[in-house]
Structures are given as C-alpha cells and as structure tokens.
Amino acid sequence: MIHPPDQPTALHAGGDNSIAFLIGVTADEWTLLILRHALQGVDSFDQWLELLPISPPVLSGRLRRMAELGIVAVSGDTYPLTRRGAALWPMIVTLAGWEKLWGDDHVEPLPRLRHLRCGADFTPLMACGACGEVAAARDVVGEFGPSGSWPRSAPSAATRRPAGGSANLGPSFFPQSRALIGNRWAAAMLSAAYLGATRFSQFHRQVGAPATVIADRLRVFREVGVLRAEGDQDRADRATFKLTDKGRAFFPVVMSGVEWSQRWYVAPEGPALEFQHRDHRFWMLLLCAECEKPLAGRDIEVG
C-alpha cells in the first residue's frame, strides 16, 4: 500500500492502529539517523552514503520503505522530505534535547539546536497546548482510545520496516536513545511503562515479546537508568520496575511520535491513545527553554 504524502492515511477498521505504524516506522535505528540528516537538508543517496556507515542495499531499502509510507518523495537519486516526513521534526528535536540533558557517552558532539527567533542554542520544553502550562510526564495521564489495544498496537508484518543490519551505526547516532526506541520491542516496552506496566508479567502480556526479550530489555533499561527495580532485584519476575526521572524525561520524544502518527495514520474508530492534563485534553506544545516561545520547524537550525 502506497501512502499519500500530503494527506492522512485512512487505516482499516480493526487493523493496525497509528501506534503500530509509529513503531513500525520510527523504531529503527537507520530510519531515525536518515531522518536526522534529512531534516538538516540531506536528500541525495550519495550524501547519505558519505555521511553514514551504511551499505547501499540497506540505505536503498530504508528509503524505499520511507517513500512507500509517504515520508520522502522520489526524484531520481534524491529523496526530499514530504510534509509528512518534515512533520517528524519534533521527534528528532526532543531526541537531541533529551540526549543533551541525560546522555553521558557521546563520542561525537550532538547536533546543536538553535532557535532562530531568539538566536539562542536551546533544549525543547514540553507544555500543554490546551492551557499553555509547562507540563512534566507525571502531569499527563494516557490511556487507550477507541482504536487502542495492545494487539492492534503491535506492528504486523505489513507495518514493520524491512530487515537489515544496523549494529554498526558509528558514534554519531544518539547512543542512549538507541537503547530505548532502536527496535520495535524496546519501543513497545517503553510505551507499556508509560501506560503503567511495572511487573515482568505485565510487560510480557501486553507487549507480546518472548520472555527472554522482555528480560533483556528490562536489564538494558535499568543499565541506561530509565527504569529502577524494587523488591527482588535478582529476579525480574519478582521485581517491580518504575520509571526514573531520566525515564520520565523521555516522554516528550514518545509524545511527539504519538501525535505525529495519530495525525497521519487515522483509524476510523478514533485515536489509539488519549491524554489528559488536569481537567482537559492534552496535546503537546514545544517551547524554546531559553525564550519560552513556541517552536516551529522552520525556526530551528540543526547544526
């Protein structure tokens, strides 16, 4: 199925919902890295080959899939971002902001984010678009909406990205974020944590991954510092896992992806996830932490 780039895709009733598409599209290390450079103006096959430690077949496969999903257009050997693709800028910006504040193993400098309206280097700040108040993850409550369920949120074979090695990404990729959303199981488990999963059995039942994968991801999340274990820490099936401050600080990245997917992949039943801030519906507004003005993609320079 080819997805039109400049209008939302109408999904089938009862099928994959917007979250399945989000995980299938963005929970892939190469795709995120290609997007990062695309948002900096890269659009040619040869440029990506020069910038990334990627093989031509893997790059070709990723770009083909991104074109099918309406994220890039195809014009000879160039792949310019579409409106749908350019709308992913909040996810890349919040990734960079989180890595800047919480990452501690950057071999190469992170991209510098500059807000052209105030001229300052900045980190993004999450606010509630309905009331304008700065909001933290603990201030926002999420739950499944009309098209939301764990089975419908797991990418099907048609939704998942094509196979292709991505182990040797080099040092320039956001290293901490790789552990959280670099593959579909990690992304699904992080989503489960934000929706309240705290026990091994809950992650296993909701995400549907093999027990060995659940155990490995919980171990990695603890090592990265986004989850902490309480109780019997030597037995994952007996411990309780809770988000740390570092884990909650990643919420704007997830929220930006959710809002993008629900804007561009629309289920007839309604949204997959709904969020509440105090007594009103929450939608995310990103502010410049320096001048506290709303951010727009055209006002951000990635250096």
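## Core and strands at a glance

The largest nonpolar core in this predicted model takes in 87 residues, and Trp48, Ile71, Leu180, Ile181, Phe203, Phe250 and Phe282 have the most contacts inside it. Helix α9 (residues 184-194) gives the most to this core, with eight residues. A nonpolar core here is a set of buried Ala, Val, Leu, Ile, Met, Phe, Trp, Tyr and Cys residues joined through side-chain atoms within 4.5 Å. Buried means under 20% relative accessible area (1.4 Å probe, protein chains only).

**Around Ile181**
- Leaving out residues up to four places away in sequence, Ile181 touches Thr26, Ala27, Asp28, Leu32, Met91, Leu95, Ala186, Ala187, Leu190, Phe250 and Val253; contact means heavy atoms within 4.5 Å.

**Strands β6 and β7**
- Helices (H or I, at least four residues) and strands (E, at least two) are DSSP runs, numbered from the N terminus.
- Strand β7 (residues 239-243) has four of its five residues buried, so the rest of the structure largely encloses it.
- β7 pairs with β6 (residues 227-231) in the antiparallel sense over five bridges; strands count as paired if DSSP finds at least two bridges between them.
- Ala229 sits opposite Phe241 of β7.

**The three-stranded sheet**
- An open, antiparallel sheet runs in the order β3-β2-β12.
- Its edge strands, β3 (120-121) and β12 (300-302), each pair on one side only.
- Two antiparallel bridges link β2 (residues 113-115) with β3, and His115 has Ala120 in β3 as its bridge partner.

**Reading the numbers**
- Residues are numbered from 1 along each chain as its sequence is written, and side-chain values use heavy atoms, with hydrogens and water left out.
- As this is a predicted model, local features need pLDDT of at least 70 and side-chain atom pairs count only at pLDDT 80 or more, while totals for chains, interfaces and linings use all residues.

Note on methods: Buried means under 20% relative accessible area, exposed over 50%, partly exposed in between (1.4 Å probe, protein chains only).
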